[in-house]
Amino acid sequence: MAFEPPPRLVRALGETAPAGDDWLAQLPTVAERAVGRRELTVERVQVPGGRSSLVVLVRRPDGTPAVLKLAPSRARPESERAALAHWAGLGAVQLLEADADDGALLLERLHPDVSVRSLPEAKALLEAAGTLRRLWVEPPAGHVFETVAERTGRQAAAMRASAGTEPETAPLVESALAARTELLAEPPAHLLLHGTFRQSKVLAGERMPWLAVGPDPVVGESAFDLARLVRDRVEDLIASPSGPSITRRRIKRLAESLEVDQERLRGWTLFRAVESGVRALRVGRPKDGELLLEFADWL
């Protein structure tokens, strides 16, 4: 079959691809080879799919439903593989293939169209937070995962560069960078984190009601991971006249339910919202950027 990448994937990778990158052009061939070597039967490409990988619904030779995931090397698929192997299905989708040298991931089939975002907001936050708690474990010995300090260091450098060309963002950028400096002043925690956790990353399953997918794993403190969940459904928060107070209550509720320091959660929420907002402006998504920066201004 033709492995046509969904428009959302094409658009997202187009925003971040380095000059001369031909991964999308090579994708149909790469997908054919990955399917062939595993003797999979293809059902369909998942649409709209993700923003960093092609997700293909397949069946294994014995008829078991599965998912084949293909991502460019800059999306760190080997890091995702290592994290999923370490979690071993506890709180996260199960890795079905112990090793592969083509960068593809063969995963347990969940219900791709049913995430916790389909639940009422309060219930969605509860289920998402419970799933996230299961993922916070000690990383494997000798791990090579990026640390929170390393990842946010790269992001901070890009934020400073953007602030120089977009002066209106400078005050928020400075606040976010100051928060990061203060947060990293204490000795670092060493938990394995999902890295990009939000409600849409928690899908319904058969083995467990809800399981996390699509990690970009990082090692650090739990408040960093939880921070992205605080701003879920940001468009609804912005549209609400009580958005700032809802956000403050959400921070308090999540911090208390997961035993995370409330001020550290607020600080990482500020940093991550500003980083995402500045990046959205940089790649030509002004609406997203403005929403995120307005949200960050409440913090």
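This is a predicted model: local features need pLDDT of at least 70, side-chain atom pairs count only at pLDDT 80 or more; totals for chains, interfaces and linings use all residues.
Visitor: In what sense do strand 2 and strand 3 pair, and over how many bridges?

Guide: Two strands pair if DSSP finds at least two bridges between them. Strand 2 (residues 54–59) and strand 3 are antiparallel, with six bridges. Five residues separate the two strands in their hairpin, where G63 has a positive phi near 95 degrees.

Visitor: What is the order of the strands in the sheet?

Guide: The sheet is open, and its four antiparallel strands follow the order 1-2-3-4. Strand 1 (41–45) and strand 4 are the edges; each has a single partner strand, so one side of each lacks a neighbour in the sheet. Strand 1 is joined to strand 2 by four bridges, and V42 faces V58 of strand 2. Four bridges also connect strand 3 with strand 4 (residues 105–108), where A66 has E108 as its bridge partner.

Visitor: Is strand 3 buried or exposed?

Guide: Buried means under 20% relative accessible area (1.4 Å probe, protein chains only). Five of the six residues of strand 3 (residues 65–70) are buried, so the strand is largely enclosed by the rest of the structure. Helix 2 (residues 23–38) lies across strand 1, strand 2 and strand 3, and runs at about 145 degrees to strand 3.

Visitor: How is the packing of two helices described?

Guide: The angle between the axes and the distance between them describe two packed helices. Axes are fitted to C-alpha atoms, for helices over the stretch in contact, and angles run from 0 to 180 degrees between N-to-C directions. Helix 5 (residues 148–165) and helix 10 (residues 262–282) have axes that come within 10 Å and cross at roughly 50 degrees.

Visitor: Which residues does Q155 contact, leaving aside its neighbours within four places in sequence?

Guide: Q155, in helix 5, contacts F271 and E275 (heavy atoms within 4.5 Å). At 18% relative accessibility, Q155 counts as buried. Other residues at this helix pair include V148, T152 and M159 in helix 5, and W268, V274 and R282 in helix 10.

Note on methods: Residues are numbered from 1 along each chain as its sequence is written. Side-chain values use heavy atoms; hydrogens and water are left out. Buried means under 20% relative accessible area, exposed over 50%, partly exposed in between (1.4 Å probe, protein chains only).
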